[in-house]
Amino acid sequence: MTERFRQLVMEWDGLAVVTRYDHPTGTWVFIALHDPTLGMAVGGCRMKVYPTPEDGLLDALRLARGMTHKWAAIDFDYGGGKAVLAMPRRLEGEERAGLLRRFGRLLNALNGAYGTGVDLGATPDDMAVVKEVSPWVLTGDEWHGGHVDPGPYTALGVHSCMRVALERLEGSDAMRGRTVVIQGVGGVGTPLARVLAEDGARLQITDIDHARGRALAQELGAGWLAENEVVETPCDILAPCAIGGTINRTTIPLLRCRAIAGSANNQLGEDADADRLHERGILYAPDYIVNAGGAMAFGLMQRGVSDDGEIRSRVVGIGDSLAAILAEAAQRDESPLHAAFRKVERVLAAKMAESV
Ligand code: PHE
């Protein structure tokens, strides 16, 4: 065990981490179970190439904690958990499928302690492979006759939250003419960009995959930004929609946005960055509220809600939860992250009181 591995696990406040080395592909598999108070741990499966396995572990630990907050914030009876498949290189075809099936058998061994789903780097097709061998994956297909992509639902929730943030800043939620920077146009950023373009927002986008990003920019008449231009581009709303940690001690002084509302998990380098944003007068819509739409949609499907209109209206309703949090934070002159966290604590405490 490396010193860093030891340190990460020791300093984490979660329940346990299941660790497995997948010999055929050289992938490190981490399943982080953060807090089971509300129910079985559920959270997506991230598939990514990290500089070191420890970076993958750190991601799993932080993402699982985020899921605890997310489920509590939207009042769903799931606990926080997340899986990371830290691959040595991009895996395709049979190699990738083999890894996913072995991951599925590991889920079977955990027998319901953790349920997985799509996350960054994984696709609905990947989850369909896991589903071949394991019931512990939320794909939504029982209700929709095919596996469902959570991305558009997440985008719908982000869009609703952007309007709420604008309303608070401007007294109007009209997106027309507003400048929005979208950092990452993958599963969520793409449908989000489409809705915003329809609204008449002025879009500036970027993506690590230049071909994909530029094609979308051209299609929507959006501006294209180089990755290093994102932080300093003046805009009404900055939407981090890919990797986490982009809002941090270094980037905050350079930001020229009025609000941050995006789908990425763990957008802040650390919680204290929320206070730094508050001091700079930038409205931060907490990531785990803004991006809860995909998780919520899958949770609803799992509960048997099959009416898409109902699912969509519940997801849009995330905006109302955000509005309440922003109002509370404004009243106390604090970052909305504090108000969101108090809500999470209230929900967890109520559940614990119920079970004694
Ligand atoms: N990956 C989603 C998120 O981070 C969560 C999710 C859970 C997606 C279950 C699908 C199924 O919010």
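A: Helix α13 passes helix α14 in a right-handed crossing, meaning that the near helix is turned clockwise from the far one by less than a right angle. The model is predicted, so local features need pLDDT of at least 70 and side-chain atom pairs pLDDT 80 or more, while totals for chains, interfaces and linings use all residues. Residues are numbered from 1 along each chain as its sequence is written, and side-chain values use heavy atoms, without hydrogens and water.

The axes of α13 (residues 318-331) and α14 (residues 336-355) come within 8 Å and cross at roughly 115 degrees, on a scale from 0 to 180 degrees between N-to-C directions, with axes fitted to C-alpha atoms over the stretch in contact. Helices here are DSSP runs of H or I with at least four residues, numbered from the N terminus. On the α13 side the contact (heavy atoms within 4.5 Å) is made by S321, I325, L326, E328 and A329, and these meet P336, A339, A340, R342, K343 and R346 of α14. By class, this contact has 6 nonpolar, 1 polar and 4 charged residues, with Asp, Glu, Lys and Arg counted as charged and Gly as polar.

Turning to the ligand, a polar side-chain atom of K82 lies 2.9 Å from one of the ligand's oxygen atoms, and a backbone N or O atom of V118 lies 2.8 Å from a ligand nitrogen atom. An N or O atom in the side chain of D119 is 2.9 Å from a nitrogen atom of the ligand.

Conventions
A polar contact is a pair of N or O atoms within 3.5 Å; within protein, one must be able to donate a hydrogen and the other to accept it, and residues adjacent in sequence count only if both atoms are side-chain atoms. Helices (H or I, at least four residues) and strands (E, at least two) are DSSP runs, numbered from the N terminus.
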